[in-house]
Amino acid sequence: MTGEGFGSVTMWGFSPALDFQAGLPSRKGLKRAEESLGNGEPVEVLNILMLGAGDCRHILKTMAHRKRHQARKIHIYVAENNLELLGKHLLLLTLALEPPHRMGLQEKAELFAELYGNTLIRQQTVQYLQEKANLFVEMITDLDYSDERMPTIDMSQLKYKERDYLEGIFKFWRDPDPKYFNISSMWDNRLRQYLAARYDSRNGAFDWDLSMKLHELGAKVVCKKEYTRWRENGLAFETREGIYDRPNKSMASGIVIKRRDGERVPCRGYWGDMVTGPYIAFGVDAEEKSLLKTANGKPVKSSEDITLHNLTSMFYELQTGKTYRLESEKQAMDTESKIVELDECKEEADEHREMETDGDLQNHKHGNREFYAPICCEEVCVHFLPLNSVPELPKKSKFKKLFDHAFISASMVQNLTPSLEGIFADHSTIDIELVKYILDLNKSQIDGFASRVTSMAGDVGFGPADTSEESADSVNGCFARFVKRSTQ
């Protein structure tokens, strides 16, 4: 699935974040593998395959909501088409797991949104990116240290040449010269190519895509100001007053292009989406429904507001295991209300500061290596799979009937072939991302895609799930869920 507007590299998702444990069918009576957590108690194991999500939204929400479900050990196997996306996963998950004594909730949410969706970032954000790039070079070249610094992420299955390529990506991120990645020029060149004769009247084109497409599809919280700004220069989130003039090098990716003379050459640039925007993953729905209220027919909150709230609530729950709430219903309805950090976070930060003053070695940094512990999330382990590894999974005995659930993005649905049937456990489920928010497609193409994935899932032994048990997101056309048919 490619296109000028959609791009050839999926830099973010085109569907809301999912908690992988929510809505899974009951497995009572089935014999399940077990692992022990830190307390020594054996718990059920859940193995999940995530193909082409483009970002870590599902991982983040699953990690944050882990305490809402029975105790499980969750293994998430991640496959992407580009190594740059695995690097971005590592960056954003490391940020999400920064302990509270290193970074507060508000700062973390704003920094995450900036790195996630902006082509241009502030100088202090560049400094964080460079600092983590140095760390990642150490991690990718020493997997024992990687396991110590980020035990939630397993990179051992990557091939040596892929680790070498990732090392090169991280060294590119830390290079301070912005001239090596002039993303503003790249953005404008692609915009001119995409709009062609409509470029000079592009504001009208932007307004049409917003009001007649995004809003009609249900994303009414995406306001004109933020959408037009992003379409013009790639600046999706302006969370603080500041100068956004430094290129976000974590947006760079490499593809092979054909020159006019027919020779194929690698080319680094921005090859992601330029039409929908990074608002769908975290910015069009919320558990706190007061954020979705309207006044005089217009949403009270923007997609940026909702994105920051959702990120803040997930980071808070990831950190404390407790559900995040707005301070009061009155503030929730107030258009000028601000999300507050609750006392538990401050208390936890104070505890960590006391540990530092007591000389705790876990808060030590030596050279580019960090030796402080991230937020503990022992229930989840994220495994990065090699490029193009999906067709090879059925050939390996360790993957036989391993996966209890899978998420497959619209951009990688072609990997769902009959040969994969053997890697799915009995009673397993699949969520396939539909193309509702791919704005360059018309209704017949969207409907045709839904029919096609139903047929593809059937070829792998899956049938449509009971729609009465479907989530609101599925009903609204973002996902199609399938359940493996019984062989008895």
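Student: What should I know about the numbering and the model first?

Tutor: Residues are numbered from 1 along each chain as its sequence is written. The model is predicted, so local features need pLDDT of at least 70 and side-chain atom pairs count only at pLDDT 80 or more, while totals for chains, interfaces and linings use all residues; side-chain values use heavy atoms, with hydrogens and water left out.

Student: OK. How many helices and strands are in the protein chain?

Tutor: The protein chain has 15 helices and 17 strands. Both are DSSP runs numbered from the N terminus: helices are H or I with at least four residues, strands are E with at least two.

Student: And what share of the residues counts as buried?

Tutor: 55% of the 488 residues of the protein chain. Buried means under 20% relative accessible area, exposed over 50%, and partly exposed in between, with a 1.4 Å probe and protein chains only.

Student: What about contacts in the protein chain between residues at least 6 apart in sequence?

Tutor: Of those contacts, 77% join residues at least 24 apart. Contact means heavy atoms within 4.5 Å.

Student: Rings next. How many aromatic pairs are there?

Tutor: The count is 21 aromatic pairs. Rings of Phe, Tyr and Trp (its six-membered ring) pair if their centres lie within 6.5 Å; planes under 30 degrees apart are stacked, over 60 edge-to-face, and the rest tilted. Phe-136 and Phe-170 make a tilted pair, with 5.3 Å centre to centre and 55° between the planes.

Student: Where in the chain are Phe-136 and Phe-170?

Tutor: Phe-136 is in helix α4 (residues 123-141) and Phe-170 in helix α6 (residues 160-174), 34 residues apart, and the pair links distant parts of the chain. Phe-136 is buried, at a relative accessible area of 0%, and Phe-170 is buried with a value of 0%.

Student: How about Tyr-227 and Trp-230?

Tutor: Tyr-227 and Trp-230 form a tilted pair, 6.3 Å centre to centre with 40° between the planes. They are about one helical turn apart because they sit three residues from each other in helix α9 (residues 224-233). Both Tyr-227 and Trp-230 are buried.

Student: Which aromatic cluster contains Tyr-227 and Trp-230?

Tutor: One that also includes Trp-12, Phe-112, Tyr-116, Trp-187, Tyr-270, Phe-282 and Phe-315. The charged end of Lys-108 sits over the ring of Phe-315, 5.5 Å from its centre. Elsewhere, Arg-149 lies over the face of Tyr-372, 4.5 Å from the ring centre. A charge sits over a ring if NZ of Lys or CZ of Arg is within 6 Å of the ring centre and within 35 degrees of the ring normal.

Student: Changing topic. How many cavities of 30 Å³ or more are there?

Tutor: A search of the whole structure finds three. On a 1 Å grid over the protein atoms alone, a cavity is a set of points where a 1.4 Å probe fits but cannot get out, and lining residues have an atom within 4 Å of a point. Grid points are joined across faces, edges and corners, and a volume is the space filled by probe spheres set on the points.

Student: What lines the largest cavity?

Tutor: The largest cavity has a volume of about 70 Å³, and its lining includes Val-126, Trp-173, Asp-175, Arg-246 and Lys-249. α4 gives the most to that lining, with three residues. By class, the lining has six nonpolar, one polar and four charged residues. Ala, Val, Leu, Ile, Met, Phe, Trp, Tyr, Cys and Pro count as nonpolar, Asp, Glu, Lys and Arg as charged, and the others, Gly among them, as polar.

Student: And the second largest cavity?

Tutor: The second largest cavity holds about 50 Å³. Among the residues lining the second largest cavity are Glu-84, Trp-173, Lys-249 and Arg-268, and α6 gives the most, with three residues.

Student: Last topic, loops. Where is Gly-272?

Tutor: Gly-272 is in the loop between β8 (264-269) and α10 (280-283). Gly-272 is buried, with a relative accessible area of 0%. The C-alpha atoms of Gly-272 and Gly-5 are separated by 8.2 Å, although the two are 267 residues apart along the chain.

Student: And is Arg-122 buried or exposed?

Tutor: Arg-122 is buried, with a relative accessible area of 8%. Arg-122 lies in the loop between β4 (120-121) and α4. Leaving aside neighbours within four places in sequence, the contacts of Arg-122 include Glu-114, Arg-240 and Arg-246.

How values were computed
On a 1 Å grid over the protein atoms alone, a cavity is a set of points where a 1.4 Å probe fits but cannot get out, and a pocket is an open set with protein on both sides within 12 Å along at least five of seven lines; lining residues have an atom within 4 Å of a point.
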